[in-house]
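This report describes the sheet, the helix packing and selected local features of one model. The sequence and structure come first.

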Amino acid sequence: MKEFDTIAAVATSLGESGISIIRVSGNRALKIVSSVFKGKNDRTLEDIKSYTMRYGFIIDKNSGESIDEVIVSYMKGPRSFTAEDTVEINCHGGVISTNRVLLEVIKAGARIAEPGEFTKRAFLNGRIDLSQAEAVIDIIRAKTELSMKSALMQSEGRISREIALMRTSLLGIIAHIEATVDFPEDDLEEITSERVLVDMERVLGEIDRLLSTANEGKIIREGLSTVIVGKPNVGKSSLLNALLMESRAIVTDIPGTTRDVIEEYMNIEGVPIKIVDTAGIRETEDVVEKIGVEKSKEKINEADLIVLMLDSSRALDEEDKEIIEYISDKKYIVLLNKSDLEGKITKEDLKLLNSHYIIEVSAKTGEGIKELKECIKELFFKGEVSSTDLLITNTRHKEALIRAKESLQASISTLKHTLAIDLASIDVRNSWRYLGEITGETLEEDLIDKIFSEFCIGK
């Protein structure tokens, strides 16, 4: 366990609530809290047993005045979240009372924790690895039950175990190669090459298996960015309201009502979908609307999925055709709105687009909304959404796997085309190191600091 000073922070959201929790961690945690605690019959915390709680008051050390009525719990390291002595003060919720209790703890000798410092200590003290630490913040930020389940599996070490097995296999390969280099008989080099090639191909297959889940995993973690585009007054805002089942966007018969980008989240079988309703794309002299149109074009370029709305009761014009051409090389779904009216858009008009992703809808009645949701699942999840197969949800993990794969492929190529097994060993070592970046075993300290700086204070 590393030696750290004692830190404290509010672990719950500040605001009006039943309770607030102030977490204190470090080898002086119990002594510091005990110095500002007064229990029944003037009891302190010095004789408190681990995993027990004690009722009392936090007091002002200078005046002896009671600040708040509290319950204090104690967890002795290493059997705590940080693997250090940890004290949690349960006080009344509210900004004033919470901050006053925290202030007394700081005055008694603790310092304010940095963002993510409690989880960082758990990592540095060896209680969890880096992928498990990152899963903690994913659980907090999860937008659906499915994304929370996926993060929970990662926090329990599912990815860590997969990576550990692959790194062990690579170490075995390195050991075989180095033993052969130490005893350089020609026939031994050839035998070793054949043997380690089989092992390398197997590890490469495991990396490919994990990478195959990365795109879906990223969506589960961050949400599917979906932008609704089209000309003014085709029903984009009505569609957004129908999807959210509430009046989030203003709907009128006046073209150009939506002037800015509106963003909302919805849930499709556990998948967080970030729906962006944009200003209608058209040439305009209105300064405010013009800014909205430019933002719409930016969102199209950033989106994972584009939902193009067309008014089926009107024939396509040049502006519609420009939008169709603009999105034809992207992932899209085309909605022919106002299906209850006579259609004036022909198959020839939409020949640039895949007919499988063209759906007739009525934003007013809700017709076609179910088909839209099924189409999204098919485009990104092969028709079925499940948390059991989603392992790689983190972009950093995906990049490390790609680099590990490239190094392993280079090593395989070296062995197949030469007998320079000592050169192949260098690439295998690089692959082993890249995999170690996922769990934090081979990651540089400044990158570790950056990862934890994105956490909330108190976690």
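At what angle do helix α13 and helix α14 pack, and how far apart are their axes?

## Helices α13 and α14

The model is predicted. In it, α13 (residues 395-417) and α14 (residues 421-439) pack at an angle of about 170 degrees, and their axes are 8 Å apart. Angles over 145 degrees count as roughly antiparallel, so α13 and α14 are roughly antiparallel to each other.

On the α13 side, the contact residues include Arg396, His397, Ala400, Leu401, Ala404, Leu408 and Leu415. On the α14 side, they include Ile421, Leu423, Val428, Tyr434, Leu435, Glu437 and Ile438. By class, the contact of α13 with α14 has 13 nonpolar, six polar and four charged residues.

## Helix α4 and its partners

The axes of α4 and α14 come within 5 Å and cross at roughly 35 degrees. Leu130, Ser131 and Glu134 of α4 meet Glu437, Ile438 and Thr439 of α14. This contact of α4 with α14 consists of two nonpolar, two polar and two charged residues.

Glu134 also forms a salt bridge with Arg396, with an N to O distance of 2.8 Å between the side chains. The pair links distant parts of the chain, since Glu134 lies in helix α4 (residues 130-141) and Arg396 in helix α13, 262 residues apart. Arg396 is also among the α13 residues that meet α14. A search of the whole structure finds 26 salt bridges.

## The sheet

Seven strands form an open sheet with mixed pairing, in the order β3-β4-β5-β6-β2-β1-β7. The edges are β3 (37-39) and β7 (111-112); each has a single partner strand, so one side of each is left without a neighbour in the sheet.

Within the sheet, strand β2 (residues 19-25) and strand β6 (residues 86-92) run antiparallel and are joined by seven bridges. Ile19 has His92 as its bridge partner in β6. Helix α3 packs on the sheet, where α3 touches β1 (7-10), β2 and β7; the direction of α3 makes about 135 degrees with that of β1.

## Helices α3 and α15

Besides packing on the sheet, α3 has a helical neighbour. The axes of α3 (residues 117-124) and α15 (residues 445-453) come within 9 Å and cross at roughly 140 degrees. The two helices, α3 and α15, are therefore oblique to each other, and their crossing is right-handed.

Thr119, Lys120 and Phe123 are the α3 residues that meet Ile448, Asp449 and Phe452 in α15. The residues of this contact of α3 with α15 divide into three nonpolar, one polar and two charged.

Which peptide bond is cis, with omega near 5 degrees? The bond from Gly77 to Pro78 has this geometry, and Pro78 is found in the loop between β5 (66-75) and β6. The loop between β5 and β6 also holds Ala83, a residue other than glycine whose phi is positive, near 70 degrees.

Tyr51 is not a glycine either, yet has a positive phi of about 65 degrees. Tyr51 lies in the loop between β3 and β4 (52-59).

Methods. Residues are numbered from 1 along each chain as its sequence is written. This is a predicted model: local features need pLDDT of at least 70, side-chain atom pairs count only at pLDDT 80 or more; totals for chains, interfaces and linings use all residues. Side-chain values use heavy atoms; hydrogens and water are left out. Axes are lines fitted to C-alpha atoms, for helices over the stretch in contact, and angles run from 0 to 180 degrees between N-to-C directions. Helices (H or I, at least four residues) and strands (E, at least two) are DSSP runs, numbered from the N terminus. Angles under 35 degrees count as roughly parallel, over 145 as roughly antiparallel, 65 to 115 as roughly perpendicular and the rest as oblique. A crossing is left-handed if the near helix is turned anticlockwise from the far one by less than a right angle, and right-handed if clockwise. Contact means heavy atoms within 4.5 Å. Ala, Val, Leu, Ile, Met, Phe, Trp, Tyr, Cys and Pro count as nonpolar, Asp, Glu, Lys and Arg as charged, and the others, Gly among them, as polar. Two strands pair if DSSP finds at least two bridges between them. A salt bridge is a side-chain nitrogen of Lys or Arg within 4 Å of a carboxyl oxygen of Asp or Glu.
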